[in-house]
Amino acid sequence: MRFDTVIIGGGLAGLVAGISLQQAGHRTAIVSTGQNALHFFSGSFESMEEAPERLKTLFAGAGIRLHYSAGVRLMPLGVFREAALSLEDVSFLPDPCFADKVLILGIPGYLDFFPSFLAEGLEKQGIVCRTSMLNLPESVRESPAEIRSVTLARMFDRNWERVVQQVRLLLKDEDGVVLPQVFGLEDPSVPERIRQGIPARVVFAGTMPPSVPGIRTQLLLKRRYEVLGGTYLGGDEALEARVEGDSVRSVTTRNLDRHALEADNFILASGGFFSKGLRSNPFRVWEPVFGLDVAYDEDRNAWYNDNFAEEQPYMNYGVRTDEALHPLVEGRPLQNLYAIGSVLGATRPEFGSGGGLAIRTAFSAVDQILEAV
Amino acid sequence: MKHQEKTVSKHNFEECMKCTVCTVYCPVLQVNPRYPGPKQAGPDGERLRLKDPYFFSYALKYCMNCKRCEVACPSGVKVADLIQAARIKYDKSVPPLRDRLLASTDLMGSVARPVSRIVNGVTGLGVTRSVLDATLRIDHRRVFPKYSGRSFEAWLKRRAKEQAAFPEQVAYFHGCYVNYNNPALGKDLVKVLNALGVGVQLLDKEKCCGIAMITNGMSAQATRNAEHNVASLRKAVSDRGLKVVTTSSSCTMTLRVEYPNLLGVDNADVRDAVLMATRYVFERLEAGATLRFRPDFHKKVAYHVPCHMERLGWGVFSERLLRMIPGVEFTLLDSACCGIAGTYGFKKENYEAAQAVGAPLFEQIRAVDPEVVACDCETCKWQIEMSTGYTVQNPISILAEAIL
């Protein structure tokens, strides 16, 4: 099967690249090995220094509204972090002291949200906190399944008014309310409706994975990509590449077996260790599809830090590229292959971390591909 | 340092890193609060079951085996295989008569076909459905597939000579549905392949692929069918050097994936030769073969990728094929389960859940308002037709209509 560009990886980087190329009239395919880091997305891009109108427009086309301002956002454990570009779920606060008194609402049986940790953090800012619980229907409480963010979001999508009513009843003299980020899985308007219905400043705080705003983002970006005519090969895995000279000719996948995907250009957006874009064993780190050069420490003991909470060096490992993001094999760049997103590792401070790296490198690869035509 | 690379167990269960992504995409978990979900029923439960079979839960029967958890898993864990394998290993209960009847598509077909008019008439009656509901707990709201008076096998056998005259040959695993219910689909396939200069042969003798037996607690019979079918495939593939085409995504997934993974029947030597017809035709066209299309053909088509087609990863072939038909106005429906999952939605206790699972898909179909919904699975076809009123056709049938 022939495409203009084949993208390996269906996460944020792959989808941003795929949507951009489809919009420019290119025919692309995305090969995605299972789901991706968007399922753990906080809702914020922390490192977008300049207002990235391009990303806003791209997301708006998929039905996702981003807002941009300088401020801080509340983290799941009650600390604050600077934020810039975010989904609408995330509240930008001019400063951490966003209310005098705050009501923090947990959900019985839901273990992925921590009201008492949040209270501890907020009290350090001089905010008076009270924690309480929302009520759940019996059917959910009696279920043998662990209660997860997505289960809650599906239920609240249908009756968010009941949440508003409950919060209004529980609210005393507080001028702020903190709720878990479990609203608006299929209907992105739900968080804003809840905000509108409650007579206090409502802030949604992140939960443990899976992330409701992240999954919504994934679903909407994937739908947009397919509406634009893109071919999304979900649950498949790129296995091997056929390389001639300094160019990639085709890639084979597990599901399509002998049926190779041919293209003029290839984008490697296969992610880091979690997504198996990078593999490791006790002796080495490698990139499995193209066998690219990977920057890592030869000394195994230098890979990690004994202190779990410290930054771990292995997180910085990634494929080596030239300045144009062409990855290297034995020091020589593959001219029609671009590496974007976490497969580069966090070794590129100029691109910021996580989402910032994914998006900027995606745009860079897309621009080079479009320029060459 | 001990190197653990080689200690991966069956269905990769210890590769699970508890990321919970599978729980997001399980259609049952969304509607049935009694189901513990793929993570708990699959890798989490396996850990306990390996310690002590006492931890096996009968709630695993709520799994539809749609495989969406496996498609979503970033770590390659065969979540649905773990669940179905646990049911095979630990569930010692005897399946009720209803489940045995529903799963015996082969037997039911051969009994019903000769008296199809009577059977179709009787199963269409409200009173029959009420009786089936009360006695067997087959839901009265469910519409039954109609049986055909002539089997596809008989039709093709009469044309064996004319088919043998084509320069190239393939074998066709038609499955129970084409044989007993919808021979027209088989005839459409013959028309399309003949137009490509390819003649169609039957396998030596095929039996039901066995998918419904696997999910209904009849794994011993499913294994016998699997051994029989692999032997038949071997004769076609190894002895006659043929490719084997299929028109049902669930049969294909069973022949290729379930036989080795769940039933322990080795198909390694024939697996790659078993292809969905849309893939086979697409590859022929890509290699330069041509079809002559009707100049006046026009159809608004919405394509639904069945769950087992998602698992095979081959929806792209049907999609590409439909898109290349001149006059087709194409919409790809969002990836979602229709809720029927073979025999699952026929059971009274699952009816409500099945309809709730399919609701978003039905809603999208109504919004797109196509002339026809395209889909490679017969049970999806029954479910979508019953629930939306829209006609559902196999992509091969649409292609057959569009060519001269």
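## Exercises on a predicted model

**Exercise 1.** Carry out the corresponding steps for Asn65(B), stating where it lies, what its phi is and whether it counts as buried or exposed.

*Solution.* Asn65(B) is placed in the loop between helix H3 (38-51) and H4 of chain B. Its phi is positive, at about 60°, although Asn65(B) is not a glycine. Because Asn65(B) has 24 C-beta neighbours inside 10 Å, it counts as buried.

**Exercise 2.** Describe how helix H6 and helix H7 of chain A pack, giving the angle and the distance between their axes, and then the residues that meet.

*Solution.* Start with the geometry: H6 (residues 160-170) and H7 (residues 190-197) of chain A pack at an angle of about 30°, and their axes are 9 Å apart. Since angles under 35 degrees count as roughly parallel, H6(A) and H7(A) are roughly parallel to each other. The crossing of these two helices is right-handed. Turning to the residues, Trp160(A), Val163(A) and Val164(A) from H6(A) meet Val190(A), Arg193(A), Ile194(A) and Gly197(A) from H7(A). By class, the residues of this contact are five nonpolar, one polar and one charged.

**Exercise 3.** Work out how domain 1 and domain 2 of chain B are placed, and how many residues of each are in contact.

*Solution.* The domain assignment of chain B gives domain 1 as 10-90 and domain 2 as 291-402. The centres of these two domains of chain B, taken over C-alpha atoms, are separated by 27 Å. At their contact, 12 residues of domain 1 of chain B touch 10 residues of domain 2 of chain B. On the domain 1 side, H2 and H4 of chain B each supply at least two residues, and H2(B) gives the most, with four residues. That side of domain 1 divides into six nonpolar, three polar and three charged residues.

Technical notes: Residues numbered from 1 in each chain as written. Chains lettered and ligands numbered in written order. Predicted model: local features only at pLDDT ≥ 70, side-chain atom pairs only at ≥ 80, totals over all residues. Axes fitted to C-alpha atoms, helices over the stretch in contact; angles between N-to-C directions. Parallel < 35°, antiparallel > 145°, perpendicular 65-115°, else oblique. Left-handed = near helix turned anticlockwise from the far one by under 90°. Contact = placed C-beta atoms within 7 Å. Nonpolar A, V, L, I, M, F, W, Y, C, P; charged D, E, K, R; others polar. Domains from an automatic or database assignment. Buried ≥ 20, exposed ≤ 12 C-beta atoms within 10 Å, placed from the backbone.
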